[in-house]
There are 2 protein chains.
Amino acid sequence: MDLLKVDTIKEARSKLAACCAGIMPGTEAVGLTEAAGRILAFDIFSKENIPPYRRSIMDGYAVRSKDLGAAGDMIPTSLKVTGEVLLGTDSSKLSVEPGCCVYVPTGGEVPEGADAVVMVEYCEPFGEDMLAVSKSASPGENVVQAGEDIAEGGILLSKGRKLRSQDIGVLAAAGVTAVPVFVPWRVAVISTGDELVSPEETPEPGQIRDINSYTISARSTEEGFTVMRTLSVKDDSEAIAAALETAKDDSDLVVISGGSSQGKKDMTAALIDKAADHGVLTHGIAAKPGKPTITGFDRASKTLFIGLPGHPAAALMVYEQLVISLWRCMTGREPMRTVKARVTVNTPSAPGRKTFQLVKLAGDEAEPVFARSGMISPMSAADGYFIMDENQEGVKAGEAVEVFLWE
Amino acid sequence: MDLLKVDTIKEARSKLAACCAGIMPGTEAVGLTEAAGRILAFDIFSKENIPPYRRSIMDGYAVRSKDLGAAGDMIPTSLKVTGEVLLGTDSSKLSVEPGCCVYVPTGGEVPEGADAVVMVEYCEPFGEDMLAVSKSASPGENVVQAGEDIAEGGILLSKGRKLRSQDIGVLAAAGVTAVPVFVPWRVAVISTGDELVSPEETPEPGQIRDINSYTISARSTEEGFTVMRTLSVKDDSEAIAAALETAKDDSDLVVISGGSSQGKKDMTAALIDKAADHGVLTHGIAAKPGKPTITGFDRASKTLFIGLPGHPAAALMVYEQLVISLWRCMTGREPMRTVKARVTVNTPSAPGRKTFQLVKLAGDEAEPVFARSGMISPMSAADGYFIMDENQEGVKAGEAVEVFLWE
């Protein structure tokens, strides 16, 4: 455990990723109504053509386009109506012979022989079973070909996709009712500190309400993780060590949210080093805010440990940049979404460290929300943050940045 | 019930809004761990100052800035260390006298008398209780004033906000543990059609899998609504009427997803007209796709009815533009998020109707996803859609549009 060298965020991320290289998140099959918001674990291919038959996209008459020639308002073409397609019944025996037509409702199968559908608006029935059509038709008009929407064997949805409502519709259409998704990480959130009281309590002098464990638990749930437990432990190394051991047994990720004083950081690092057989990976990252970040890995139980900084906004940003980005990478998801925006005022950075800057967005403008260390309200006022590079001397007003969105 | 006149989307929305004008969504109090993703029902004010006392943002020594004068590397100032602030204990009796200092960890209370904190890095203990300080300090340096983060009586979070992880942290900090949120709409989704089979089944000729009720249920859940039930009913007016009556009893919103043929649309309209004492409000909207949309309202049970078009993407877009936008408006939320993007190719619109155009986003470019009516895969390929106005003759390549995001 090297206490002196801090890692860049990239180094810290690589070390975590290297430890996770051999561990694929588990997969499970869930029903369609539980699948929204989950991450698809495999590519899904269609086992069928959709539509399975040629389908009309209008209420109209299935015709042979050749029969209509130059039919128009002035010179309608007469066709014989020889049948009607009824939705929900088998129409596969109907066919359209030369000079004939068949009524087809929207969504109905276009009978054999026909190659186009003329909308009812252009059709006028007359006599017993005759139709005057006042419009010509081109081949394929108003007809969706079999497999035109989704071809048999074609890819429906790719691995790593977070399933949206419309994806659920596509899976329903293709008859995929057992959806393979990743089993979410199980997370234990442990906050440590003699000074912490629960939000229900009124802090006595010297006490402070626990904030980070609530923020990090909520962010974990939002990401789809399963929060196993959120607990608060006093600054007692035996009690914390016991909490870490329990968490190792049933969690994939243990988050320790402690104070930011040097003594506490060292205690957290020592406890992670003891609990994790692969030891501490990172002790301090070159980021502002967010320096007092500690990571570790236990090989035997395949558990990741992360000690987050005490600064509430820093804890959240580091959690996103190290942990959530790793989860997204492991599950093949796109990284966190960013939008381009122009910074409204000159914004300084900390030399030699990545600098996280909270911003409020208005259109394509990003207005920095300057927060003194440890302040809470700025993270609620912010719509996201951008990151300045180690070797970047701040950002000038008007410069474009990539803002990580808090939605 | 006027069968001939279609409404613009704006008219349809206004009619629904007028019916809902007297109905405020209910409110309830939930705990912090259940509050994420919910919509805040009232403005929340802080009952306390945060921090409650002057707090140090560094590990360091609380000093009187005047004492340090021009202290520097070359000429350090000597101070007497008269105490130490311990986190989690009452330090309110400590004070810093002229020529003295007190150790304060990050987050600790700055004792009376002191007006700045000097980081430990600039301090060198010597002798029994003396400290050499090699840096001057300006008043307030490294000190967060009481109430500087959140002032007592100040607004913490405004009504209508969808609570994010960081907002949960702010509520925790302020001791707000019973969070007033809106009771979500209860929604019944009824799909109708003899041709519909469930996604588990393999459609026989003339049959098709039910897609829309899965999409709309998933979208409702995503919006935070409570989906009371999703059921499929045959094209039997008595069965549908019975389903509507049941839904009226326990739902705020009844969604009917039926076929798009004229006969079915008329049946749906007649059934809504019968179930809703205020009758059908809108029968057809001037939108492409999405025309066969029907709305209605029942005063007695305060239930909204909406009959959605059969076209899957249209059903979803109409649902968002009419129903979800109404819910967001009623709960004081921001409207759906849009991003500006440039269309990559000339895109035609339907004259006299709002035209919905699906798009795929790449950076700030929006590439139209052209879908033939009723096709399913395009809605999964799309990242969102933009809307062309009734009197707009399409959009030229390179023109900017506002894209409603599907996330």
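A polar contact is a pair of N or O atoms within 3.5 Å; within protein, one of the two must be able to donate a hydrogen and the other to accept it. The model toured here is predicted.

**First selection: Ser46(B).** Select Ser46(B), which is found in the loop joining β2 (44–45) to β3 (55–56) of chain B. Display the backbone oxygen of Glu48(B): the side chain of Ser46(B) reaches this atom at 2.6 Å. Ser46(B) has a relative accessible area of 4% and is therefore buried, the cut-off being under 20%. Next, show its surroundings: leaving aside residues up to four places away in sequence, Ser46(B) touches Ile150(B), Ala151(B), Glu152(B), Gly153(B), Gly154(B) and Leu156(B).

Move to residues 9–20 of chain A, a helix of 12 residues. From first C-alpha to last, α1 reaches 17 Å, close to the expected 16 Å. Colour Ile9(A), Ala12(A), Leu16(A), Cys19(A) and Cys20(A), the buried residues of α1(A). These residues lie on the same side of α1(A) because they cover an arc of only 100° around the axis. Turn to the other side of α1(A), where Lys10(A) and Ala18(A) are exposed.

**Third selection: both chains.** Finally, display chains A and B together. The same surface serves both copies, as 100% of the contact residues of chain A recur in chain B.

Definitions and conventions. Residues numbered from 1 in each chain as written. Chains lettered and ligands numbered in written order. Predicted model: local features only at pLDDT ≥ 70, side-chain atom pairs only at ≥ 80, totals over all residues. Heavy atoms only, no water. Contact = heavy atoms within 4.5 Å. Helix = DSSP H or I, 4+ residues; strand = E, 2+ residues; numbered from the N terminus. Expected span 1.5 Å × (residues − 1). Buried < 20%, exposed > 50% of the residue type's maximum accessible area, 1.4 Å probe, protein only. Arc of directions from axis to C-beta.
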